[in-house]
Amino acid sequence: MIASLARPGASLLHRTPAARKLAGLALAATVLFFVEDARLLAGAVLVGLVAARSTGATFAAIGRDLKGPALVLAVLGLVDWWLIDGTTALVVVLRLGAIALLAHAVTVTTTTAELTEVMERLFLPAERLGLLDASRAALTVTLAIRFVPLITQEAREIRAAQAARGLEGSILALAVPLLVRIVVRAETLADAIDARGFPPDRSSSGRDQETNERPRSP
Amino acid sequence: MTTRDISLVALMAAVIVALGLVPAIPLSAGVPITLQSMGVMLAGLILGPKRGAAAVLVVIALVALGLPVLSGGRGGLGVFVGPTAGFLFGWVLAAFVAGFLAQVFEASEKSTLVRTVQLSGAAILGGIVVLYACGILWLAFFVKMGLVKAFWVSVVFTPGDLVKAIAAALITVQVRRAVAIERK
């Protein structure tokens, strides 16, 4: 598994249902795009800081987590300041900074399991429209999470083997064997999934979801 | 989608993530490049338009799930509303277009050279032209930078991407020589 960005905790944001946090974030981001007043946006940054701090993270930790976005923001701000004017630069940096802080607060307080649940719920309307199969889509995402460490491991092995042969730095020599292994492995994986009878038929999978809500009878 | 499609899409998504984790490889000129955007081109060129785009969608779902799957350990919902989000969403279209063109070019028997050139073209059109169009439009309108400025800020990254497009084509030719796989 890949380590999630979420941190354990018991803050108000940790206890808020994931769907509500996501809806709130989407709403906040949308509203902020229409706000042009630097003072209001500075207020939003303050709210973002309070939200991020309320998760139990120290300001130093928040700074560490948001170093990458901060760098991008700094470049954007400088470009805007240089090419347009200081006010525009300030508005852009404050707006994106506020959104980054709010998004960070949600990301840190929501586990992958909670988000997967929301995602499956979001898949359902698409399934009803015939756009995708929710259980297959969820399986694909889960498989990808599961296979990242294995692929990284294989990539490392291949690179080590190349280094031993003095081929370091060749993208081709890494990617070709890696991808060939992946395609072959996909065949094996598909056979394994088929052998286990996936996907379960629609009616039974629906019942399974309902029984999850109730304690199982012994 | 068959089970085989599912596992190919999931594994290719995992490859895109893994390529983001591999430390940047220094080119001969000393410019470090990350391999993640090449993974997007490869998804289209190797799997074809629909499955390639699906693999990218899976990566985007992983980002939404708060996993640090983008190069440099980025992830989480902030990415979707950040200034470079257009490039992330553009990946879907990029993989689709690259895959679609690869499918179109597939038709007849050709020499390796011709095939490599055609696949490079597919990767450049999808992975650079279409991708940058999405990224630049996002920068121009959501970050309110204006088209011209957004263009010049983005265009600095094209030399690295050109190298990746050609590398992706070379890799695709070799991989498809080793394993039979239909584009769809």
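User: At what angle do H2(B) and helix H3 (residues 49–64) of chain B pack?
Analyst: This is a predicted model. In it, the axes of H2(B) and H3(B) run 7 Å apart. The angle at which the two helices pack is about 150°.

User: Are H2(B) and H3(B) roughly parallel or roughly antiparallel?
Analyst: Their packing angle is about 150°. Angles over 145 degrees count as roughly antiparallel. H2(B) and H3(B) are therefore roughly antiparallel.

User: Which residues of H3(B) make the contact with H2(B)?
Analyst: H2(B) passes H3(B) in a right-handed crossing. From H2(B), the contact uses B:Val40, B:Ala43, B:Gly44 and B:Leu47. The contact residues of the pair divide into five nonpolar, two polar and one charged. On the H3(B) side they are B:Arg51, B:Gly52, B:Ala55 and B:Val56.

User: How are H1(B) and H2(B) oriented to each other, roughly parallel or roughly antiparallel?
Analyst: Helix H1 of chain B covers residues 3–21, and helix H2 of chain B covers residues 36–47. Their axes are 7 Å apart, at an angle of about 160°. That is over 145 degrees, so H1(B) and H2(B) are roughly antiparallel.

User: How many residues in the contact of H1(B) with H2(B) are nonpolar?
Analyst: The crossing of these two helices is right-handed. H1(B) contributes residues including B:Leu8, B:Met12 and B:Ile16, while H2(B) contributes B:Val40, B:Leu42 and B:Ile46, among others. Three contact residues are polar and no residue is charged. The nonpolar count is eleven.

User: Which residues in H3(B) does H8(A) meet?
Analyst: H8(A) brings A:Thr140, A:Val141, A:Ala144 and A:Ile145. The contact residues divide into six nonpolar, one polar and no charged. The partners in H3(B) are B:Val58, B:Ala61 and B:Leu62.

User: What area is buried between chain A and chain B?
Analyst: The contact takes 57 residues from chain A and 55 residues from chain B. Carbon and sulfur atoms give 82% of the buried area. The total is about 4900 Å².

User: Which residues in chain A lose the most area to chain B?
Analyst: Three residues of chain A lead here, together giving 13% of what that side buries. They are A:Phe33, A:Ile171 and A:Leu179.

User: How far apart do the C-alpha centres of domain 1 and domain 2 of chain A lie?
Analyst: The domain assignment puts domain 1 at 12–110 and domain 2 at 134–201. The distance between their C-alpha centres is 36 Å.

Conventions: Residues numbered from 1 in each chain as written. Chains lettered and ligands numbered in written order. Predicted model: local features only at pLDDT ≥ 70, side-chain atom pairs only at ≥ 80, totals over all residues. Heavy atoms only, no water. Axes fitted to C-alpha atoms, helices over the stretch in contact; angles between N-to-C directions. Helix = DSSP H or I, 4+ residues; strand = E, 2+ residues; numbered from the N terminus. Parallel < 35°, antiparallel > 145°, perpendicular 65-115°, else oblique. Left-handed = near helix turned anticlockwise from the far one by under 90°. Contact = heavy atoms within 4.5 Å. Nonpolar A, V, L, I, M, F, W, Y, C, P; charged D, E, K, R; others polar. Domains from an automatic or database assignment. Buried area = accessible area lost by both parts, 1.4 Å probe.
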